[in-house]
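Subject: Structure for you to look at

Hello,

Here is the structure I said I would pass on. My notes on charged pairs and nonpolar cores follow below it.

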Amino acid sequence: MLEPLNEGFLSRISDLLLCRWTCRHCCQKCYESSCCQSSEDEVEILGPFPAQTPPWLIASRSSDKDGDSVHTSSDVPLTPRTNSPDRRCSSSDTSKSTYSLTRRISSLESRRPSSPLIDIKPIEFGVFSAKKEPIQPSVLRRTYTPDDYFRKFEPRLYSLDSNGDDVDFLTDEEILSKYQLGMLHFSTQYDLLHNHLTVRVIEARDLPPPISHDGARQDMAHSNPYVKICLLPDQKNSKQTGVKRKTQKPVFEERYTFEIPFLEAQRRTLLLTVVDFDKFSRHCVIGKVSVPLCEVDLVKGGHWWKALIPSSQNEVELGELLLSLNYLPSAGRLNVDVIRAKQLLQTDVSQGSDPFVKIQLVHGLKLVKTKKTSFLRGTIDPFYNESFSFKVPQEELENASLVFTVFGHNMKSSNDFIGRIVIGQYSSGPSESNHWRRMLNTHRTAVEQWHSLRSRAECDRVSPASLEAT
């Protein structure tokens, strides 16, 4: 039989388990920890603090501010609450233990090296006041004046005129007196039923005398004017009037139709260019007139007399040529299709032109073969659709060049040169090189591409194959 446990032993066990201030070394309930001599450098407090602020903490804060600690009778003593009747302490014992603990902590704080005080201001979020201090400094940005802003632009890049003068604010009389290039009479009318724009070129007056660039012009007193019409930004699909011989007051009375939707027509700009034809020299641009179609009533239509202004394009384009290339490696044949040309330079005053195309195969720097199309009478937009085949072995293909030259047929004298391009080893430009490269990469497949004609001097300067052609 087990003897009943001593009542005093059970009381000690309960006090040991429930006491908040028990020394960890001897497991004895001791408020001052006098039973174990711990070093002054380390003081450990077991258990959580009471809900209210301890008096010793209030005393330390007061000593930091005023230099002395003040204890009031209203402070709640730091006394653990126990249920053991024989372990109760008086208020004097509590005050004594509190004073002893405060003295030990104060001695530790006096030995601790002092750290600098940092004044940290709280950051307030969502509070708007008149005296609000910015948390971060604002980024300094450079202020630009209007002069600095517009100094970045180069007006000459956005000018439509070669001389850079602004003619938008000048009247027709002021433009005529300033440039003295004459005036042009024309009209516009849009047909909503058929969705096309009709441009009527009526006449011109007071055109200046012709200008000769190379001294080969015979008649220096009269011009041979004609007008080119296009809707910007599309300059490829242009129209051209007939040439009026030896006059400074030509009467054209010609109508031209552009198939274009009404909303698209309002975004275009009508460009009329007056050109002086010269068979023995270069065609020279006399002047131009540009009219934004959004500023006129297209449905109602109207007639205008507009003064000509100088054009940045002094020479007329020579035209374009549509070609197709195809190579058959098994047969060693290079097939060439001359499909059509458009807007060729006019070489005859009365009949326009009688154009044909000469194709010449040049291997290295040696002329090998020459072929040509038939000529079409009285047109500057010929349709050929003629095919030609050249014998070129595959090992010689990389050294081959094709020279395409457009002439105006002339029965009385030598043929009139219109334009030229070179495709192959010695191409005359990047567009021609691209066409030849596409053909080499796609054998047995026809490759079509438009090419802008160049002058003979330009081709001779960049392509040795052009020097071998006739």
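Lys342 is a place to begin: at 12% relative accessibility, this lysine counts as buried. Please keep in mind throughout that the model is predicted.

The side chain of Lys342 meets that of Glu320 in a salt bridge, with 3.7 Å from N to O. Glu320 sits in strand β9 and Lys342 in strand β10, so the bridge ties together parts that are 22 residues apart in sequence. Glu320 is also buried, at 11% relative accessibility.

The count of salt bridges comes to six. Another of them pairs the side chains of Arg454 and Glu432, at 3.3 Å from N to O. Arg454 is in the loop between β16 (447–452) and α8 (456–462), while Glu432 belongs to helix α7, so here too the linked parts are 22 residues apart in sequence. Glu432 is buried with a relative accessible area of 1%, and Arg454 counts as buried at 19%.

Salt bridges with shared partners also join Glu264, Arg267 and Arg268 into one network. Within it, the closest N and O atoms of Arg268 and Glu264 are 3.0 Å apart. Arg268 is buried, at 17% relative accessible area, whereas Glu264 is partly exposed, at 27%.

Which buried residue has no salt bridge, with Lys372 as the nearest side chain of opposite charge? That is Glu386, and Lys372 is 11 Å away from it. Glu386 is part of strand β13, residues 383–391. Its side chain does make a polar contact of 2.8 Å with the side chain of Ser374. Beyond neighbours within four places in sequence, Glu386 is in contact with Val336, Asp337, Val338, Thr373 and Ser374.

On to the nonpolar side. The largest nonpolar core has 37 residues, and Leu321, Leu402 and Phe404 touch the most other members. Elements that give two or more residues to this core include β9 (320–328), β10 (333–342), β13 and α7 (430–441).

Regards

Key
Residues are numbered from 1 along each chain as its sequence is written. This is a predicted model: local features need pLDDT of at least 70, side-chain atom pairs count only at pLDDT 80 or more; totals for chains, interfaces and linings use all residues. Side-chain values use heavy atoms; hydrogens and water are left out. Helices (H or I, at least four residues) and strands (E, at least two) are DSSP runs, numbered from the N terminus. Buried means under 20% relative accessible area, exposed over 50%, partly exposed in between (1.4 Å probe, protein chains only). Lys and Arg count as positive and Asp and Glu as negative; His and the chain ends are not counted. A salt bridge is a side-chain nitrogen of Lys or Arg within 4 Å of a carboxyl oxygen of Asp or Glu. A polar contact is a pair of N or O atoms within 3.5 Å; within protein, one must be able to donate a hydrogen and the other to accept it, and residues adjacent in sequence count only if both atoms are side-chain atoms. Contact means heavy atoms within 4.5 Å. A nonpolar core is a set of buried Ala, Val, Leu, Ile, Met, Phe, Trp, Tyr and Cys residues joined through side-chain atoms within 4.5 Å.
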